[in-house]
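This report describes selected features of a single protein chain.

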Amino acid sequence: MRFVERIRTLHWTWKALFATGAAIAAVVVLYVLGRSIQYVAASRSPVGMFEPQGSDATFRIVEGAKHWRRIQESEFWAVVRGRLLRDAAMRDQINGLLEKVGAPTIDQLTDRRFLDRNALLREESLLRLAGRDLLAAVDFRDSKAAYCVATRVGWSDFLLLPLAQLFPGAVGAEKVDVGGWRALRWGDFYVAPQGAVVVVSNDEAMIRSALRRRGPEKTPEAPLSARMEGTLLRPWLSGFPIGGFLTFTDVSELEACRVTLDVSGSALLVRVEADGMKPWRQDPAPVDLMRFVPANGIGILLSNAKATHLWDWVQTIADPRRPPGTPWDRFARHNLREFVDALNAELLSQDVLSRLSGPTSILVGSSEGENGLTYAALAFYIRAAPGEDPRVAGEALQRKIDEVVRKAKDTLRGDSMQVGGYPVRSYSFDPDILGWNNYLCASYAVTGDALVIANNPAFLAQTLRCGAQQEPAMTNELFFEEALTRLRNLGLDKTIGPDAIASGFFYGPPMREGLEGFFPTLASKTVESFEYRSRLRQELMAKSVKEGRALDPNALDLAVDRVLRERIREMELILRARARFLDYVEWAAYQAEAVPGGMRIAAAMSLK
């Protein structure tokens, strides 16, 4: 009461000022209250409805802030941040990849000065803009990429949106009409607030399509999901190395792909719905072959695909007439072409592979070479279908081998042995000047139901002993049992199970060891070639002439050899750095199954 009486005694000017302030405060309170009620209703609108029609790729982040906090507390992130990003070799590799795509590097994102200049890249800014519900669509055009982003804003930003629409000039924008919807034009961008969602695009047609709200209203369960057109993915899914895991299906029929990513504990989980992609056959993969994998092996790729499907893919990758779809394709072609051509002409012709139409699986392990280094080893288990005799295929292969041995003129030495009750034949080079016996010592065995072809007789013998229960298999190891239990908890219940079209399991520690012997060989083959040596010779000659000390032929040859050795060492270091990631992999697995309209593929990778 005293406060009211004191107001009455004030001069009328003070009364007017007080009344004006009270009125403004009342308007602000009513505005905030009204907008808050509106926000409660508007924040329920799914961002997915603003997906532009016909986009080549769409990405969705749901509840990004909440999931980011969960991921930061996971074992997976502890390995990434505590070990992987502190590894100088891995950090350089990641920085290089980010630079190639035009993204800020890890070093920049941890540099306070860089973040001061680019405040939007701060973690709190990213979570403010994309931490609730975000959709990003991309449409690749001839000249540029058109994109559209829709994000749900927070309560405080929602309060300010009407001010930007009322006073666009204050932020350097102008009002425009986009197909009947009001929007703002800010430089090259169109901005259209739609309730609690703000839609931004650099293309008028794309934002017009987004504002029609014809996208899916269902919110994905995974924190990160994507949908991509098949035309974008086919070159990668049919190329090297991913295509080798998908020989059980016709990738060329892929129409669209939906992918979800999540983190659980120490594992990264990826799920894929491939529309239009169908398996060649509906039979399940032969899971019983898991017993052939040695306890110290790398793993197995189980598939119901025929051997001809796998070999057709290998020949496609090595075919010089086919334009390489990816950089990995070019790498594989450069290193495998001569080897594949020789096998196709001499050994793995249709006369051999066409005699067996059962499923083909690949057992993966490693063995020590004659030089003391470890090399990965593969054994192709080509099973016979009912009514087929694997001995017929073995005899056809032996005839091909006999022809090769005659042409080799005493440079190939054949050996025989009995392993697990089965005869094993192997052929090695003598003398072995190039060290091919370490990873190209052809060997094969005919079991009761299959023809088994390997690149290393020691590994082939080890797998046969495991199958005969004469040596411990991976299935008896504790790490495999724990990994399989973990996969079941993650929802990958068909991995190494009886119902999958294809599945695979790979144990991390031996994977990196199996590449050790290949680094020098791959580095030499990648760098040294007749064309590169000739070009280098010309460059060194031109440099010596320019410096006034022309080299004689012998000195020039020595200079070329010295530079080549240096380049090969540099390439070997690069290859080793690229393989460093395998040091952090505990295990990796995947499974594939047929579903109406396509295929469902799931994969998981656990870090250590």
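## Loop geometry, strands and cores

Glutamine 469 counts as exposed because its relative accessibility is 72%, in a model that is predicted. Glutamine 469 is situated in the loop that lies between α16 (457-467) and α17 (478-490). Its backbone has a phi near 60 degrees, a positive value in a residue other than glycine.

Arginine 213 likewise has a positive phi, near 55 degrees, and is a residue other than glycine. Its position is in the loop between α10 (204-211) and β8 (224-229). With a relative accessible area of 37%, arginine 213 is partly exposed; the class of partly exposed residues spans the range between the 20% limit for buried and the 50% limit for exposed.

One runs from phenylalanine 240 to proline 241, with omega near 0 degrees; proline 241 belongs to the loop between α11 (230-238) and β9. The other runs from aspartate 430 to proline 431, with omega near 5 degrees, and proline 431 is in the loop between β15 (422-429) and β16 (443-446).

| Residue or bond | Angle |
|---|---|
| Arginine 213 | phi near 55 degrees |
| Glutamine 469 | phi near 60 degrees |
| Phenylalanine 240 to proline 241 | omega near 0 degrees |
| Aspartate 430 to proline 431 | omega near 5 degrees |

Strand pairing is considered next. Strand β9 (residues 256-264) and strand β10 (residues 267-275) run antiparallel and are joined by nine bridges. Within this pairing, threonine 260 has arginine 271 of β10 as its bridge partner. The two strands form a hairpin with two residues between them, and glycine 265 in the turn has a positive phi of about 65 degrees. β10 is also joined by nine bridges to strand β20 (residues 598-607), again in an antiparallel arrangement. Here valine 270 stands opposite alanine 603 in β20.

The largest nonpolar core comprises 63 residues, and Phe248, Leu397, Tyr444, Leu451, Ile601 and Leu607 have the most contacts inside it. Helix α12 (residues 307-318) gives the most to this core, with six residues. A second, separate core has 38 residues, among them Ala379, Leu492, Phe505 and Trp587. In soluble globular proteins, nonpolar side chains tend to be buried together.

Beyond residues up to four places away in sequence, isoleucine 601 touches Leu246, Val270, Arg271, Val272, Met277, Tyr590, Gln591 and Ala592. Leucine 607 lies in strand β20 and counts as buried because its relative accessibility is 4%, where buried means under 20%. Apart from neighbours within four places in sequence, leucine 607 is in contact with Phe76, Val79, Val80, Ser266, Phe581, Tyr584, Val585 and Glu586. The C-alpha atoms of leucine 607 and proline 431 are separated by 43 Å, with the two residues 176 residues apart along the chain.

Which residues make the nonpolar surface patch of about 430 Å²? Leu160, Leu163, Leu166 and Phe167 make this patch. Leucine 163 lies in helix α9 (residues 155-166), and it counts as partly exposed because its relative accessibility is 43%.

Key. Residues numbered from 1 in each chain as written. Predicted model: local features only at pLDDT ≥ 70, side-chain atom pairs only at ≥ 80, totals over all residues. Heavy atoms only, no water. Patch = residues over 30% accessible without salt bridge, like charges linked within 9 Å, V, L, I, M, F, W, Y side chains within 5 Å. Areas by Shrake-Rupley, 256 points an atom, 1.4 Å probe, with all protein chains shown as cover. Salt bridge = Lys/Arg side-chain N within 4 Å of Asp/Glu carboxyl O. Helix = DSSP H or I, 4+ residues; strand = E, 2+ residues; numbered from the N terminus. Buried < 20%, exposed > 50% of the residue type's maximum accessible area, 1.4 Å probe, protein only. Pairing = 2+ DSSP bridges. Core = buried A, V, L, I, M, F, W, Y, C linked by side-chain atoms within 4.5 Å. Contact = heavy atoms within 4.5 Å.
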